[in-house]
Amino acid sequence: MNIRHILKTRENFITLLNGLSLEQINTIPEGFNNNIAWNFGHSIVTQQILCYKLSGLPLLIDEELVEKFRKGTKPESPLTEKELEHLKIIALSSLETLKNDLIIGSFKTFQEYPTSFGITLKNITEAINFDGIHEGMHLGIAMAMRKNLK
């Protein structure tokens, strides 16, 4: 279980975001179903669901974000500059809280979850390891989208 890899992925995602305009971040490139903004928000929301919801703990993010970025959603409206900055902040702060919650032993139970990758997650360690793969995949998608925007 390595939160450090997830943190590095999120830092790389933020660097990618910082190199684009808000319009580019919100554009759905040809051949894609969503945009860079959605991939970033989806990564954050999925980590919260995998780690906190499946462990029976309250999420660290608003339900509104979950509804906007959970699996099966797509961009309904452009992200504002304020919303984007909020996502960047919680992308980093939520991982710090996750690290602290692991240290103090907050994760006592876990509801098994079959992922769309064909892997069933059985505990918090597997959830964190899988989340690293999931976030890396969405960063890769965002990088491919960026190429289609320039």
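## Close-up views of a predicted model

**View 1. His138 is a buried residue of this predicted model.** His138 counts as buried because its relative accessibility is 7%, and buried means under 20%. His138 belongs to helix α6, which covers residues 124-149. When neighbours within four places in sequence are set aside, His138 is in contact with Phe13, Trp38, Asn39, His42 and Ser43.

**View 2. The largest pocket of the model has a volume of about 440 Å³.** Its lining is made up of 24 residues, and those closest to the centre of the pocket are His42, Thr46, Lys71, Tyr113 and His134. Helix α3 (36-51) and helix α6 each contribute at least two residues to this lining. One of the residues closest to the pocket centre, His42, is also a contact of His138.

**View 3. The lining of the largest pocket contains nonpolar, polar and charged residues.** Ten of the lining residues are nonpolar, eleven are polar and three are charged.

**View 4. One cavity of 30 Å³ or more is present in the structure.** Asn26, Asn35, Ala37, Trp38, Lys68, Phe69, Pro75, Glu76, Ser77 and Leu79 form its lining. Two or more of the lining residues come from each of α3 and α4 (63-69). Trp38, part of this cavity lining, is in contact with His138 as well.

**View 5. The lining of the largest cavity likewise contains nonpolar, polar and charged residues.** Five residues of this lining are nonpolar, three are polar and two are charged.

Conventions: Residues numbered from 1 in each chain as written. Predicted model: local features only at pLDDT ≥ 70, side-chain atom pairs only at ≥ 80, totals over all residues. Heavy atoms only, no water. Helix = DSSP H or I, 4+ residues; strand = E, 2+ residues; numbered from the N terminus. Buried < 20%, exposed > 50% of the residue type's maximum accessible area, 1.4 Å probe, protein only. Contact = heavy atoms within 4.5 Å. 1 Å grid on protein atoms, 1.4 Å probe; cavity = no way out; pocket = protein on both sides within 12 Å on 5 of 7 lines; lining within 4 Å. Points joined across faces, edges and corners; volume = space filled by probe spheres on them. Nonpolar A, V, L, I, M, F, W, Y, C, P; charged D, E, K, R; others polar.
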